[in-house]
Structure formats: C-alpha cells, structure tokens
Amino acid sequence: MATLPTSTLSEASVRQVITMWHAAPAEGRGSEHLVPYLADRGLAVHLPGHILRTPAEFRSWYSAHRGRQQGGSLVIKNMSVRLRSPLHAEAEVEAVWEGRPDGTRGASCVRRRTFTEFWSLVQQENRPRVRLLTVHEWPAPHAETAVGLVA
C-alpha cells in the first residue's frame, strides 16, 4: 500500500527554500546544508557550464565554486511561485550577484551578474526538494569579456 504524504507544498515553503539556498554561500554554509533539499530522484541542476545529477556531483561543484561568492552579495529581485499540485511547484527567480571575484580589490574589479532561474520543486519526506534548477546568467561571461568588463 502506498504511503500518502503528510504535508504539501506551500508558496511560503518554496520561497523559504529558494531564499535559504541563495543565502547559504554568503553565510559560509557548506554543501551539507543544501544537499538535504535535493530531490531523491530525477535531479538535474543546470548551471552555466555544468549539469549536476547527483548529490555527490553537487557537493564537488559546490566546494570548488563556493569561495568565488564570498565577499559578494546576492539579492533576489523577483520571485514568482506557482503551485502545480499539492506535491509540485515551479518558481522563476531573477537575482543579482555583485562582488569582487577571488578576493580582488578596488572598484574596477567589482562584477555584477544577473541570473534568471527556473526551479521545479517536489514535496519529499515532508519538505520541498529541488528536482530541477536551471540557471541562466546575463550577460554570459564570454559576452562580458568581449566588452572589456572583466579584468
């Protein structure tokens, strides 16, 4: 006999997971803080230049890239959440990260990245979990280099 879920997704719980996810690097949190929010099955995290399908791949990517965000700030500019069923939600997020990469100093080294993200979350084990996350960066890094914004 199938077990029925004891809780359902809410707009507030989806917003909370996405906000926590964005705050984790600036708060110095490691991948172990985020991995419990990854779906058990069907995971796909599409990042610029990477596709991660397992918690192990996510841990490896996160530990290699987390330091690049330290000293910066990420602001969620807009978030829309749609509940598709009691167990499935989608969200679109516009976020801006601004900071100095890899510890550089000076106003001329400040980078600004705008991201558009698509999230698909499912209710598993009484919490929202990320099944799909697709991140689009604008401008793309190669476009930024072409206009001379990268030192």
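Okay, housekeeping. Residues count from 1 along each chain as its sequence is written, and side-chain values use heavy atoms, with hydrogens and water left out. Since the model is predicted, local features need pLDDT of at least 70 and side-chain atom pairs count only at pLDDT 80 or more, while totals for chains, interfaces and linings use all residues.

Let's start with the rings. How many aromatic pairs does the structure hold? There are 4. Rings of Phe, Tyr and Trp (its six-membered ring) pair if their centres lie within 6.5 Å; planes under 30 degrees apart are stacked, over 60 edge-to-face, and the rest tilted.

Take Trp21 and Trp119: this pair is edge-to-face, 5.8 Å centre to centre, with 90° between the planes. Trp21 sits in helix H1 (residues 11-23) and Trp119 in strand S5 (residues 111-124), so the pair ties together parts 98 residues apart in sequence. Helices (H or I, at least four residues) and strands (E, at least two) are DSSP runs, numbered from the N terminus. Both Trp21 and Trp119 are buried; buried means under 20% relative accessible area, exposed over 50%, and partly exposed in between (1.4 Å probe, protein chains only).

Next, Phe58 and Trp61 make a tilted pair, 6.5 Å centre to centre and 35° between the planes. Both lie in helix H3 (residues 55-65), 3 residues apart, about one turn of the helix. Phe58 is buried, at 3% relative accessible area. Ring pairs join Trp21, Phe58, Trp61, Tyr62 and Trp119 into a cluster.

Now Gln124, which is in strand S5. Buried or exposed? Gln124 is buried, with a relative accessible area of 8%. In contact terms (heavy atoms within 4.5 Å), Gln124 touches residues including Ala39, Asp40 and Arg41, not counting residues up to four places away in sequence.

Last topic: salt bridges. Side chains of opposite charge can pair when their charged atoms come close. The cut-off is a side-chain nitrogen of Lys or Arg within 4 Å of a carboxyl oxygen of Asp or Glu, and a search of the whole structure finds 9. In one of them, Arg15 meets Glu11, with the closest N and O atoms 2.9 Å apart. Those two share helix H1, 4 residues apart, about one turn. Another joins Arg112 and Glu98 at 3.3 Å, linking strand S5 to strand S4 (residues 88-99). Finally, Arg82, Arg84, Glu90 and Glu92 are linked in a salt-bridge network.
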